[in-house]
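Work through the following exercises with the sequence and the three-dimensional model at hand. Each task is followed by a solution that goes step by step.

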2 protein chains.
Amino acid sequence: MNRARTFDPHTTLSQVVDLFSSKGYSETSMEDIVQTTGVSRYGLYGTFGTKRELFEQALEQYAEGMGKQSFLRLLEPGASLDHIRAIFDERVADMCCAEEHKGCLFIHTAMQLAPQDEELRGVLQRLMKRMSKAFAIGLDSAKGRGEVSKDVDVDAAGELLTSTMFGLAVLGRTGFPKATLDGIVDSTLGSLQEESK
Amino acid sequence: MNRARTFDPHTTLSQVVDLFSSKGYSETSMEDIVQTTGVSRYGLYGTFGTKRELFEQALEQYAEGMGKQSFLRLLEPGASLDHIRAIFDERVADMCCAEEHKGCLFIHTAMQLAPQDEELRGVLQRLMKRMSKAFAIGLDSAKGRGEVSKDVDVDAAGELLTSTMFGLAVLGRTGFPKATLDGIVDSTLGSLQEESK
DNA sequence: ACCAAATCAGAATGAGAGTTCTGATTTGTA
DNA sequence: TACAAATCAGAACTCTCATTCTGATTTGGT
């Protein structure tokens, strides 16, 4: 054929995800992306399209990565409240004390792009609903194990946990200490537990 | 003396607050501000300084406005859980179904500016702590009225409510319906109530 | 009425953005 | 080996931004 591509799109997209996650959409320039990934403008535009389209693909990969890394285990039978707690602990560890200022790409999208970009808003809604649903399924398993009160509406609680995750991310980005975030996780998960003590 | 200023700084700052709230820092240009406020560049720079400094003043006025409008009543004796619920209801009403895409300036600041701007991050921490403290004081009053469980650590719960407010704002900006946000408010406040039923 | 100082509206400036274009380079195939 | 197609690095282009500058205008004090 001809000259072959010298970069792996998936790897490149991962680096782009990191950039967008830490700085957001507007604050990340194509020049930043070229420098960080080492991929030429030609390669970026030819492979991913415009910056806006690149962002959409980064958002999808970000969600897929979080899904595989964290939320998949909630869909397996036997998922427990500890699994949910572990997800929060992992995310909290990423959020604070991190020099990389790693942020939440969902929040960046919601604040910067969602209001003006109907398509991206739809994508974001779908991803957030998926997240809430995964929490709900995990909560249902935990309920079967007697770890969650029978009074809890798992769908509503799933949305609560999604919302909590975003609140934590905002506080983490503002520089609040890990102890504060841990306290919020404890309160939230504690409120779902059986009231017997 | 000489020619007098033709605008009221406080009124202008209110308009700037609205702009920054709905679009964030980067997406709001000085041209936007000139057009919306009707104030000349000369007036803006002379009165408020650079865009970054203008934003800081807008953030302070935003917080002060929210404080006077919503949180002051929590500091009065006799504050009840209904006062807290009313604050959430008002904020939720602003967040969704709004054509204005009114967002939360705290979140914009946290996501766009806080990591890079140490001073602004400090300001934001102070404002958020004040918000948590107001919640805590309100919760303490509500506890005295028997509306909140005696087991609740009001300081921790205050931080929880602050975090919840941010989670709600993110979901609202993503376009989730009011019912979803109301459900989260109900779950959160419900978890604080006395467990007797 | 007139001066001086501060205002206004908008042009000018310089930096940085996203995107496209260009010549040189690489690589699979004939 | 030579061709052709696709890549690369980076210049070029156009636009927007924040900020400064400029000439005209307003206004309080003498």
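**Exercise 1: a helix pair**

Describe how helix α1 (residues 9-23) of chain A packs against helix α3 (residues 41-48) of chain A.

Solution. In this predicted model, α1(A) and α3(A) pack at an angle of about 100°, with their axes 12 Å apart; axes here are lines fitted to C-alpha atoms, for helices over the stretch in contact, and angles run from 0 to 180 degrees between N-to-C directions. That makes α1(A) roughly perpendicular to α3(A), a label that covers 65 to 115 degrees, whereas angles under 35 degrees count as roughly parallel, over 145 as roughly antiparallel and the rest as oblique. Next, identify the residues: P9(A), T12(A) and L13(A) of α1(A) meet L44(A), T47(A) and F48(A) of α3(A), where contact means heavy atoms within 4.5 Å. By class, this contact of α1(A) with α3(A) has four nonpolar, two polar and no charged residues, given that Ala, Val, Leu, Ile, Met, Phe, Trp, Tyr, Cys and Pro count as nonpolar, Asp, Glu, Lys and Arg as charged, and the others, Gly among them, as polar.

Conventions. Residues are numbered from 1 along each chain as its sequence is written, and chains are lettered from A and ligands numbered from 1 in the order in which they are written. Local features need pLDDT of at least 70 and side-chain atom pairs count only at pLDDT 80 or more, while totals for chains, interfaces and linings use all residues, and side-chain values use heavy atoms, with hydrogens and water left out.

**Exercise 2: the chain**

State which secondary-structure elements chain A has.

Solution. Chain A has nine helices and zero strands, where helices (H or I, at least four residues) and strands (E, at least two) are DSSP runs, numbered from the N terminus. The C-alpha trace of chain A spans about 65 × 40 × 30 Å along its principal axes.

**Exercise 3: the interface**

Characterise the area buried between chain A and chain B.

Solution. The contact takes 39 residues from chain A and 39 residues from chain B. About 3400 Å² is buried between the two chains, of which carbon and sulfur atoms give 66%; buried area is the accessible area (1.4 Å probe) that two parts lose on being put together, summed over both. Of the area that chain A buries against chain B, M111(A), R173(A) and T174(A) supply 19%, more than any other three residues.

**Exercise 4: the largest cavity**

Determine which residues line the largest cavity, and how they divide by class.

Solution. A cavity is a set of points, on a 1 Å grid over the protein atoms alone, where a 1.4 Å probe fits but cannot get out, and lining residues have an atom within 4 Å of a point. The lining consists of L160(A), T164(A), T188(A), S191(A), L160(B), T164(B), S187(B), T188(B) and S191(B). These residues divide into two nonpolar, seven polar and no charged.

Definitions and conventions
On a 1 Å grid over the protein atoms alone, a cavity is a set of points where a 1.4 Å probe fits but cannot get out, and a pocket is an open set with protein on both sides within 12 Å along at least five of seven lines; lining residues have an atom within 4 Å of a point.
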